[in-house]
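Please find below a colleague's note on the model under discussion. It is arranged as numbered points.

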Amino acid sequence: MQDCNRMDLPLAQAAMSPGPEQFSETCERQPLPVVIIGNGPSAICLSYFLSGHRPYVRKGAVHPNPILQRKLQDIAGSSVVEQDLEFLSEGLEGRSHNPLAVLFDALVRPDGDLGGMAESVLTWRLEPKHLVPHLVLGKGPPGGAWHSIEGSMFTLSLGDWMELPGLHFRDWMRRKRKNLRNDRATTRDIAQYYEHYVKVLGLQQRFVCGTVVTSVKPLLSSSAEEDRVEPLTASRKLYEIQGFHQTAGLQSPFCIHAENVVLATGTYDSPAWLGADGEDLPYVFHKISDLETALQKQRLGPDSDPVLIVGAGLTAADAVLTARHSNVPVIHTFRRAVSDSGLVFNQLPKMMYPEYHKVHQMMTEQSLTSSGPYKGYSSLPKHHVACFSADKKCVLEDASGKRTVFNISMAFVLIGSNPNLSFLPSHGKHLALDPEQPVNSRRNPIDTDPFTYESVQEPGLYALGPLAGDSFVRFLQGGALAVTASLLKKGTLI
């Protein structure tokens with residue numbers, strides 16, 4: 001194990017902060033108050049808060065919710081961060097299970113769920129006295145997984161719902177001379193917006209891109225610390241973060257200490273597997289980007305055997321659209337019935353999402369046993385994959401147990417993804433609501449306090465975004481508010 005009192009990584013230089021030598025010396029000498037792992041929108045939003053930006057209720061603002069309006073009148077002139085957030089969130093309802101996610105969304109988009117465009121009741125002030133020194137560690141550029149998604153796809157959420165505090169997304173799009181389609185943006189636009197956001201708001205000095213975290217663990221005993229790290233006290237817990245920084249083809253190890261660690265890695269890193277026999281064969285893939293690569297390299301075409309697409313979510317639908325756009329034949333299989341109310345297609349407005357409703361129509365009208373207008377596409381609802389064989393045959397089984405063999409060219413299993421928490425003991429299972437099961441953003445998120453987002457099991461460890469059950473950008477911002485308020489109560493300031 002490397003000596004964690006020795007800073008081998010020029011973190012400050014990688015973060016483009018002024019005075020890299022001084023910053024490295026500071027990291028060597030004392031722990032950082034906060035280290036954020038991940039650099040997607042959750043991490044970016046928290047960095048904005050921790051850089052001293054504070055939300056206030058805008059003078060003269062009137063919220064359409066009369067109960068919330070009365071509460072806001074009582075805090076006029078005070079930062080929202082310093083309020084009783086539990087009290088403010090009481091009685092509010094929304095599309096998130098996290099009360100502060102609903103609260104912050106209600107303040108920013110007072111009638112968002114009703115389709116209205118009411119102005120935010122918040123205004124922002126930069127208050128340097130509230131700066132919390134922090135570092136944001138990410139594998140790629142700011143924006144996280146948004147840079148890994150095929151850029152021409154449109155977001156599920158409205159473009160305005162993708163924006164972060166301090167930079168209106170529509171204004172940014174206007175300056176770029178770009179347009180929204182049905183009020184939705186492309187994933188490329190979103191990735192560029194987040195990267196630009198970090199630069200224009202002066203957050204880049206806190207971001208270290210090209211870093212891979214390999215270990216995060218609490219320091220349980222002051223005997224583990226030497227002269228460069230202050231001794232632990234009963235009320236002061238430290239975390240040790242190890243990893244390496246990649247630049248110009250070289251890897252430089254690093255090891256730093258932090259009083260608080262925020263997990264903001266998202267869930268895009270580890271695609272979910274079926275667990276079927278033969279799923280590890282070279283023609284079976286788990287990312288839609290592999291389909292795009294195969295099309296670009298002309299490995300697939302109209303005369304190919306069908307591609308098998310497994311899944312009934314939006315990524316699977318995107319894969320169907322991508323394949324059909326290139327006239328590649330498709331066999332589309334999924335476990336549920338097309339009429340299942342749990343299918344995402346049955347929850348989306350047709351006018352706003354015409355392409356997804358076209359896929360749902362195909363799933364409904366063109367099963368393998370019926371003819372329809374969609375040549376080269378076959379739907380197999382209520383089926384699951386029994387196995388894949390080395391000769392590119394796939395066995396599908398229906399609800400009655402009947403099996404059918406298909407010749408395919410490639411298979412794309414697109415059934416969701418799981419977070420990559422390999423840097424935590426047991427991949428973080430001990431932090432989840434059900435510690436016997438892997439962490440999953442929908443079924444088994446990290447168990448956090450709903451008003452601080454701090455881990456119930458590990459004080460000083462926080463979770464944001466999908467890890468805390470908030471999969472939409474509009475809701476993850478409430479988590480940043482919660483973490484900032486919690487750190488303020490701890491006295492985590494310069």
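The points that follow concern helix packing and aromatic ring pairs.

1. The coordinates come from a predicted model. Every remark here should be read with that origin in mind.

2. On the side of helix 3 the contact is formed by Pro41, Ile44 and Tyr48, and on the side of helix 8 by Tyr194, Tyr197 and Val198. By class, the residues of this contact comprise 6 nonpolar, no polar and no charged.

3. Helix 10 contributes Leu314, Ala317, Asp318, Val320, Leu321 and Arg324, which meet Glu355, Tyr356, Val359 and Met362 of helix 11. The contact of helix 10 with helix 11 holds 7 nonpolar, no polar and 3 charged residues.

4. As for aromatic pairs, a search of the whole structure returns 9. In one of them, Tyr48 and Trp124 have ring centres 5.3 Å apart and planes at 65 degrees, so the arrangement is edge-to-face. Tyr48 belongs to helix 3 and Trp124 to strand 3 (residues 122–126), so the pair ties together parts that are 76 residues apart in sequence. Tyr48 is buried, at 3% relative accessible area, whereas Trp124 is partly exposed, at 24%.

5. Another pair is formed by Phe285 and Phe412: the ring centres are 5.6 Å apart and the planes lie at 20 degrees, so this pair is stacked. It links distant parts of the chain, with Phe285 in strand 10 (residues 284–285) and Phe412 in strand 17 (residues 410–413), 127 residues apart. How accessible are the two partners, Phe285 and Phe412? Phe285 counts as partly exposed at 21% relative accessibility, while Phe412 is buried, with a relative accessible area of 0%.

6. Finally, ring pairs join Tyr48, Phe49, Phe104, Trp124, Tyr193, Tyr194 and Tyr197 into a cluster. Among these residues, Tyr48, Tyr194 and Tyr197 also take part in the contact of helix 3 with helix 8.

Conventions
Residues numbered from 1 in each chain as written. Predicted model: local features only at pLDDT ≥ 70, side-chain atom pairs only at ≥ 80, totals over all residues. Heavy atoms only, no water. Contact = heavy atoms within 4.5 Å. Helix = DSSP H or I, 4+ residues; strand = E, 2+ residues; numbered from the N terminus. Nonpolar A, V, L, I, M, F, W, Y, C, P; charged D, E, K, R; others polar. Phe/Tyr/Trp six-rings, centres within 6.5 Å; stacked < 30°, edge-to-face > 60°. Buried < 20%, exposed > 50% of the residue type's maximum accessible area, 1.4 Å probe, protein only.
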